[in-house]
Amino acid sequence: MKRFLALYRALDRTTSTSRKVAALRAYFEATPREDAAWGLLFLSGWRIKRLLPGGQLLTWAAESAALPAWLATEAYHPVGDQAEATALLLDLVHPPGGPSDPRPDDDLPLSRWMDERLLPLAALPPDQQRASVEGWWARLDTDARFILNKLLTGELRVGVSRTLVVRALAELADLPPAVVSHRLMGPGEPTAAWLEGVLAAEAPGAHRSQPYPFLLAAPLDGPPEALGPVADFLAEWKWDGIRAQLIRRAGETFVWSRGEELVTERFPEIVEAAATLPDGTVLDGEILAWQGDAPLPFARLQRRIGRKTLTRKVLAEAPAALVAYDLLEQDGQDLRERPLSERRARLERLLAGANPRLRLSPVVTAADWPDLARQRDEARARGVEGLMLKRLDARYLAGRRRGVWWKWKVDPYSIDAVLVTAQPGSGRRASLLTDYGFAVWHEGALVPIAKAYSGLTDDEIRALDPWLRRHTRERHGPVRVVAPEQVFELAFEGLQRSPRHKSGLALRFPRILRWRRDKPAAEADTLDTLRALLAAHESGHDPTTS
């Protein structure tokens, strides 16, 4: 546990990539494999199921410090993180460096912390849970309490990218990073044997469900002509769904999302269709709600994503299909080193006459770049986000690689909205008001339409924060209702009808484009403007290209 805490501190105290990699390598080199396996899982973004709610920990800490509940709540707001606020409150009860219980198991390894203390906690009655947690708090310093609280709430995130973790392991094992990245995909286990397999010189036997690292596209931020001849690229529609790999091995089917979540049970119709594929097949593609010959809006797919039970009605309202655009494995052979042109030809032959729930992503042909640009303007009418541009001679690499795949999205929708609420952010922004609520006009009143927290520069946030504090009209917990005077241009990818919102509409991926200091609130957009956008979208007319 002390080694993991020391690593956390080392990573948190530097922005240097080389120092982070060195700290990671030193940790994996010096730490017993059974402990380092748990550390690797946490560093890779894996989280245990929540054992206790953060609010419960905050309440226990406040009661231990003899603080009223309202004061504990107020202490949380400027911090913006319940685990951190709890750790700081505990300093009032058990100051760092104070007396501690010198029991010999104080320095338990991380693996024993997990197996003997944390994981069994869920089965204990509440009074024993509290006694256990308070006993651990008493023997830990502030940073260790913070880590413990994050583990208890299932929210531990370490400030390091997966790419750096892969680099450190690759250096330690003297392996290519792509090999390590592949071995980390799929189901990891907190065991010494699993970590030994990741670091092994010879390839260990992979689990039959193991996916490949996803190749990600870079945004096209210049004219497409700069990429070279259009004939060097395969153009496809950019589908608006869930990126996934469909794996058929040993008579079983597995579906993995890009977030490395096994979602097989969520898409039974795709699993049924995949039964016709030969063993040793891995498809890369997009899961969409699909009916007839066209995709349905992403909102349809959302209806079934969060449901625990997939009823016949849900399956009928949002039937799913996998639109495949790459073939990564065929007959058990890894094809990623082959050029896209070959992989695409194989994919076309494989899916010829396949079940309609396994669809081939069509190629968008064009004589030149201007011709392709004209077709891109039809994207929204087709229910897609734009175009994908893929080099025909490219291998299938891991991660985001510039020059291999490009996403050429259509311009976003935009409106001018009035900022009406603000609340603190989290992490380093916990002391600033950075999360904003926006509204548009309807019949002389402002109607909330979206929340956004990205798009402003640090300088703009620091300039806006004091203005919001001076012009606060009401407070509801951490949320401030502010004077409706500041106008911002919001960008968003789409909109849909939503009975859950007062406006009747919901914006998809809203973010701030710019602060409209030149525009008075009275000139902000109206709800009718958004309704007109939705009507145009539903009719197949894209107003952004008019």
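Student: What should I know before we start?
Tutor: This is a predicted model, where local features need pLDDT of at least 70, side-chain atom pairs count only at pLDDT 80 or more, and totals for chains, interfaces and linings use all residues. Residues are numbered from 1 along each chain as its sequence is written, and side-chain values use heavy atoms, with hydrogens and water left out.

Student: Why is Ser-503 called buried?
Tutor: Buried means under 20% relative accessible area, exposed means over 50%, and partly exposed is in between (1.4 Å probe, protein chains only). Ser-503 has 5% relative accessibility, so it counts as buried. You'll find Ser-503 in the loop between strand 20 (494–497) and strand 21 (505–508). Helices (H or I, at least four residues) and strands (E, at least two) are DSSP runs, numbered from the N terminus.

Student: Which residues is Ser-503 in contact with, leaving aside its neighbours within four places in sequence?
Tutor: They are Val-447, Pro-448, Ile-449, Leu-527 and Arg-531. Contact here means heavy atoms within 4.5 Å.

Student: How do you know whether Leu-296 is buried or exposed?
Tutor: Its relative accessible area is 16%, so Leu-296 is buried. Leu-296 lies in the loop between strand 7 (294–295) and helix 14 (298–305). Beyond its neighbours within four places in sequence, Leu-296 is in contact with Ala-289, Trp-290, Gln-291, Glu-317 and Pro-319.

Student: And what do we call Ala-66 and Glu-260?
Tutor: Ala-66, at 69% relative accessibility, counts as exposed, while Glu-260, at 25%, counts as partly exposed. Ala-66 is in the loop between helix 4 (54–64) and helix 5 (69–79), and Glu-260 is in the loop between strand 5 (252–257) and helix 13 (268–274).

Student: What is the phi of Ala-66, and of Glu-260?
Tutor: Ala-66 is not a glycine, yet its phi is positive, about 55 degrees. Glu-260 is not a glycine either, and has a positive phi of about 60 degrees. Most residues other than glycine have a negative phi.

Student: Why are helix 1 and helix 2 called roughly antiparallel?
Tutor: Axes are lines fitted to C-alpha atoms, for helices over the stretch in contact, and angles run from 0 to 180 degrees between N-to-C directions. Angles under 35 degrees count as roughly parallel, over 145 as roughly antiparallel, 65 to 115 as roughly perpendicular and the rest as oblique. The axes of helix 1 and helix 2 come within 9 Å and cross at roughly 175 degrees. That makes helix 1 roughly antiparallel to helix 2. Among the residues where they meet are Leu-7 and Leu-11 in helix 1, and Leu-24 in helix 2.

Student: What makes a nonpolar core?
Tutor: It is a set of buried Ala, Val, Leu, Ile, Met, Phe, Trp, Tyr and Cys residues joined through side-chain atoms within 4.5 Å. The largest one has 66 residues, and Leu-24 and Leu-152 have the most contacts inside it. A second, separate core of 40 residues includes Met-185, Leu-227, Leu-389 and Ala-394.

Student: Where is Leu-227?
Tutor: Leu-227 sits in the loop between strand 2 and strand 3. Its contacts, besides neighbours within four places in sequence, include Leu-389 and Trp-406.

Student: How do you know that strand 3 pairs with strand 11?
Tutor: Two strands pair if DSSP finds at least two bridges between them. Five bridges join strand 3 to strand 11 (residues 386–391), and the two run antiparallel.

Student: Which strands pair with strand 14?
Tutor: Strand 14 pairs antiparallel with strand 19 over six bridges, and with strand 18 over two. Six bridges also join strand 14 to strand 15, again antiparallel.

Student: What makes strand 14 mostly covered?
Tutor: Nine of the twelve residues in strand 14 (residues 413–424) are buried.
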